[in-house]
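Please consult the sequence and the structure alongside the points below.

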Amino acid sequence: MLHSLTRRHLMTASAGGMLALAAGARVFAQGAKIKVAGIHASPVENAWNSRLHEAMLAAAKDGAIEYASSEGVAGTDYPRAMREYADQGAQLIVGESYAVETEARQVAADYPKTAFLMGSSGGAATPNFGVFGTWNHEAAYLTGMLAGAVSKTGKFGSVGAMPIPEVNNLINAFRSGVKETRPDAKFLIGFIGTFFDPPKAKEAALAQIDAGADILFGERIGTADGAKEKGILSIGSLLDYTPRYPKTVFANAMWYFRPILDGALADVRAGKPTGYDYSDFSFMKMGGNDIVFDASLLPPAALAPMEEKRKAIKAGTFTVPVDKSEPT
């Protein structure tokens with residue numbers, strides 16, 4: 001039984017599921033649901049975790065999986081949570097290994113017949129440790145183009161969790177987009193040192209506004225709170241913050257986890273190894289990311305160049321650079 005995990009919540013989204021072993025491989029009856037466990041280090045209201053959680057809930061609603069999840073699992077408890085779900089028969093375990101990379105990979109090695117799909121800064125491991133990066137950098141680039149056209153001061157702030165490759169790539173893409181429409185742009189950066197601390201993100205945002213930034217890229221929840229308080233515009237990441245912050249958040253670099261999940265589920269169902277990097281499913285042409293925006297907050301002249309670039313990205317005629325170096 002699961003026990004003693006920080007803020008552990010077990011949420012069963014559907015029932016059923018069949019598992020059989022034949023010659024060491026998992027074989028599924030036609031239409032059988034795959035048992036999936038989601039392990040979230042942060043609360044599921046955190047932007048990144050919410051995208052995983054919502055995608056798995058949707059897959060359960062569609063009848064593709066049987067889903068259970070845990071949230072707020074501390075790093076010291078994370079490997080044990082992985083083992084408990086594997087022992088209970090989870091066929092695919094979805095989560096993040098940023099803080100427990102070595103330990104998570106050891107768990108996967110100890111359960112070779114269980115598939116793992118982890119947000120990770122490292123590579124995949126044969127046969128069953130699949131990884132993915134949060135690659136909504138294409139959408140971030142497009143939000144940067146709009147930001148460059150809107151800013152009055154030419155100074156742009158970004159609030160991120162910590163300088164890991166996925167976060168760096170996102171902020172660097174935003175900056176590249178800004179430079180396309182505002183070559184003289186100056187940038188401020190703030191890392192809050194954690195994945196979920198909205199008050200701390202707000203503090204970082206306020207500091208950047210005080211330093212002259214009039215557009216903020218909010219890689220972390222809480223950034224828009226600072227922007228709203230000071231009456232400037234902000235950009236959201238991963239999900240649509242516009243309804244929560246009307247007249248403050250004018251664009252969002254959306255990320256959709258479902259294509260990644262579906263790719264991994266297809267491999268599990270087919271009995272294929274899942275020691276694969278599924279990041280490519282995050283690309284815009286795969287439906288993994290896109291921009292949403294409030295046109296009423298933007299000058300009409302800013303939209304056409306952005307839309308042309310958007311079409312080029314989807315068509316594969318323009319590639320947003322992947323830059324994982326730490327922004328300064």
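K309 lies over the face of F318, at 4.1 Å from the ring centre; a charge counts as over a ring if NZ of Lys or CZ of Arg is within 6 Å of the ring centre and within 35 degrees of the ring normal. The model is predicted: local features need pLDDT of at least 70 and side-chain atom pairs count only at pLDDT 80 or more, whereas totals for chains, interfaces and linings use all residues. Residues are numbered from 1 along each chain as its sequence is written, and side-chain values use heavy atoms, with hydrogens and water left out.

**Aromatic pairs**
- The whole structure holds 14 aromatic pairs (Phe, Tyr or Trp rings, the six-membered one for Trp, with centres within 6.5 Å; planes under 30 degrees apart are stacked, over 60 edge-to-face, the rest tilted).
- W48 and Y98 pair edge-to-face, with 6.3 Å centre to centre and 70° between the planes.
- W48 belongs to helix α1 (residues 47–61) and Y98 to the loop between β5 (92–96) and α3 (101–110), 50 residues apart; helices (H or I, at least four residues) and strands (E, at least two) are DSSP runs, numbered from the N terminus.
- Both W48 and Y98 are buried (under 20% relative accessible area, 1.4 Å probe, protein chains only; exposed is over 50%, partly exposed in between).
- Ring pairs join W48, Y98, F132, F195, W255 and F257 into a cluster.

**Helix α7**
- T223, A224, G226 and A227 are buried in α7 (residues 223–230).
- G231, with a positive phi near 75°, follows α7.
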